[in-house]
Amino acid sequence: MNKMQKALRELAEMDELAAQNSIIHRLCPTAKLLATVLYIAVVLSFGKYQLSGLAVLLLWPVLLFQLSGIPVHICFYKLRIVLPLVLAVGLFNPFFDRAILLRLGPLAVSGGFISMLTLMLKGLLCLMASFLLMATTNFDSLCASLRKLHIPGMLVTLLLLTYRYVGVMTEELAVMTEAYSLRAPGQKGLQVSAWGSFLGQLLLRSMDRAQELYASMLLRGYHEHFHYAPMKPFGPGDVVYLALSALFFLVLRFVPAAQLLGNLLLR
Amino acid sequence: MHMADALLAPTVAAAMYVASGTAAGVSIHKLRKEDAPQKLPVMAVSAALVFAGQMINYTIPGTGSSGHMCGGMLLSALLGPQAGFLSMIVILTIQCLFFADGGLMALGANIWNMAFYGCFVGYYLLWRPILRSRLFKGLGVKGAQRSRIILASVAGCVLTLQLGAFSVVLETSLSGITDLPLGAFCALMQPIHLAIGLIEGLITAAVLLFVYESRPELLSGLSPAEDSLPAKRSLKATVAILAVLVLMVGGGLSLLASSNPDGLEWALFGNADAGYSENMGLDEENFGVSSAAAEKAGAVQEVTSFLPDYAFQGSDSAAGTSVSGIVGSAMVAGAAVLICLAGGFFRRRKANSHKH
């Protein structure tokens with residue numbers, strides 16, 4: 001399976017997840033989008049040593065995973081993209097920041113080590129939140145709610161159209177790559193003689209296709225306006241969800257819940 | 001180069017959203033004035049093509065490794081800078097939403113680092129001036145144009161990737177995420193991206209040359225008629241040569257950075273005592289980030305990351321509360337496990353009741 005086929009499978013997987021039905025799936029996309037953005041903002045606002053404060057925020061995505069019935073392992077598969085970059089930046093912290101922050105018996109933990117763990121946890125939490133948003137929300141209705149949030153129509157229409165064509169183009173390139181690799185056995189990747197023509201050929205064909213696409217849009221009555229998916233109303237359930245989430249985030253941002261819990265237990 | 005959310009402080013992320021949003025707003029305004037609705041499907045299809053094309057492995061001759069294509073220069077050469085910029089935004093958004101390639105909050109920064117430089121800086125500073133210049137006049141009309149396309153693509157990709165990599169360094173340092181000194185971070189990022197930019201430039205040039213050979217009218221920024229160029233175009237040639245010089249100096253600088261990181265830091269930012277907000281102030285003039293936001297970002301960053309620094313270091317009480325923090329976190333983990341067990345229990349019961 002080549003890279004493009006993998007990407008196609010990943011796209012299809014997200015579509016299938018979003019088509020499921022659960023309490024979270026039924027919420028209005030606007031509420032989910034706002035809650036997700038707020039969550040990520042709160043996660044990022046934690047300082048680099050506030051590991052225990054951050055840990056409590058793990059409860060929100062865990063609860064959502066359970067409520068929506070989305071399997072966690074698909075999310076962890078996507079960590080392979082997030083973690084290397086975060087690690088590349090964070091891995092240096094233990095070397096530069098050697099001040100001892102904490103002693104656990106004989107074990108001295110440096111500030112750099114804690115800040116590295118905080119960074120990794122932040123990466124994980126943010127990934128979970130945005131993955132949950134996409135796994136429980138149909139892309140068309142997400143675009144409709146983007147439009148509601150006054151994102152320019154041109155951008156949203158472009159997003160929808162591109163999303164539609166990402167599948168088509170990736171599939172076409174997957175077939176081309178497969179065909180190329182069958183005719184060039186034992187070679188890794190595209191040889192220099194085909195650098196231009198491989199993508200260029202498809203590009204020229206695609207430009208013609210875009211003209212046809214525009215013609216067919218016109219024939220179906222397209223006139224500067226795009227009809228989005230039917231918008232789910234922002235109901236009382238959405239208000240409750242958004243309010244509860246916001247309350248949870250803000251309380252945990254300013255109350256060191258983990259430490260309070262720990263004190264309670266240690267006392 | 002896609003930044004993850006974890007690498008940014010919320011203030012920096014917001015400032016980058018404002019910057020990218022402004023550029024997007026200006027682009028949309030310009031495209032609306034153009035009034036070319038047929039351009040929308042072309043943009044969508046090109047964006048989808050570049051999205052897929054970024055997954056092709058290009059074998060680099062003579063080495064075992066492979067390179068990839070950068071979309072910004074290709075899209076702005078095909079669609080013009082504004083339409084190219086919007087298409088890049090859409091590609092980055094889809095990568096972020098469906099593939100977790102770059103975070104939701106970091107999207108503004110990613111658009112700035114990868115789309116803004118590639119589409120606007122690369123196009124206006126290098127692509128158009130070089131293509132309309134009289135460089136390589138001796139090679140005949142076609143040969144000259146081919147050479148110009150190669151030069152513009154390579155120079156454009158190298159320059160925009162250098163700028164992008166430098167922005168990644170600045171944004172991460174400004175967010176107080178890494179303890180890596182700015183100079184050392186630059187020394188890590190810039191030389192790698194010099195090599196990447198060179199390869200990406202060559203790939204972009206190959207694709208654009210193919211388009212030029214078969215359908216030259218698709219390329220944007222090409223001079224209208226080859227022979228009827230007015231004589232004052234030589235000014236543009238000067239600009240192009242200057243740009244190449246800047247590029248070479250930039251490349252040299254990044255090599256210098258690798259051998260002497262502290263020197264670069266000193267050269268760019270005076271001394272280490274000057275705060276990051278001053279650094280951002282310097283950056284703002286070059287990159288157009290609004291200064292109020294930049295100052296605020298600097299100020300808030302100091303509050304969010306410097307204060308815990310001083311409060312925590314070496315104080316015994318901090319260590320004491322940290323132990324209770326660990327115990328509390330363990331309890332939270334226990335609660336998370338309980339939630340999972342409960343969820344599993346209810347789902348099983350539901351499945352059973354469906355069976356009966």
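A nonpolar core is a set of buried Ala, Val, Leu, Ile, Met, Phe, Trp, Tyr and Cys residues joined through C-beta atoms within 7 Å. A residue counts as buried if 20 or more other C-beta atoms lie within 10 Å of its own, as exposed if 12 or fewer do, and as partly exposed in between, with C-beta atoms placed from the backbone. The structure is a predicted model, in which local features need pLDDT of at least 70 and side-chain atom pairs count only at pLDDT 80 or more, while totals for chains, interfaces and linings use all residues. Residues are numbered from 1 along each chain as its sequence is written, and chains are lettered from A and ligands numbered from 1 in the order in which they are written.

The largest nonpolar core has 178 residues, and those with the most contacts inside it are Val43(A), Leu158(A), Leu8(B), Ala48(B) and Ile89(B). Helix H5 (residues 107-131) of chain B supplies the largest share of this core, 17 residues. Helices (H or I, at least four residues) and strands (E, at least two) are DSSP runs, numbered from the N terminus. Two residues are in contact if their C-beta atoms, placed from the backbone, lie within 7 Å. Not counting residues up to four places away in sequence, Ile89(B) touches Leu155(A), Ala24(B), Ile111(B) and Ala115(B).

Between the chains, 95 residues of chain A are in contact with 85 residues of chain B. On the side of chain A that touches chain B, 60 residues are nonpolar, 25 polar and ten charged. Here Ala, Val, Leu, Ile, Met, Phe, Trp, Tyr, Cys and Pro count as nonpolar, Asp, Glu, Lys and Arg as charged, and the others, Gly among them, as polar.

In helix H6 (residues 72-90) of chain A, a kink of about 40° lies at Arg80(A), shortly before the proline Pro84(A). The bend at a residue is the angle between axes fitted to the seven residues ending there and the seven starting there. Val82(A), Val86(A), Val89(A) and Gly90(A) of H6(A) are buried. Their cover includes helix H7 (93-96) and helix H8 (111-136) of chain A, together with helix H6 (140-174) of chain B. A kink of about 30° is also found in H10(A), centred on Tyr165(A).

Leu341(B) belongs to helix H12 (residues 316-355) of chain B. Leu341(B) is exposed, because 11 other C-beta atoms lie within 10 Å. The C-alpha atoms of Leu341(B) and Arg128(B), 213 residues apart along the chain, are separated by 61 Å.
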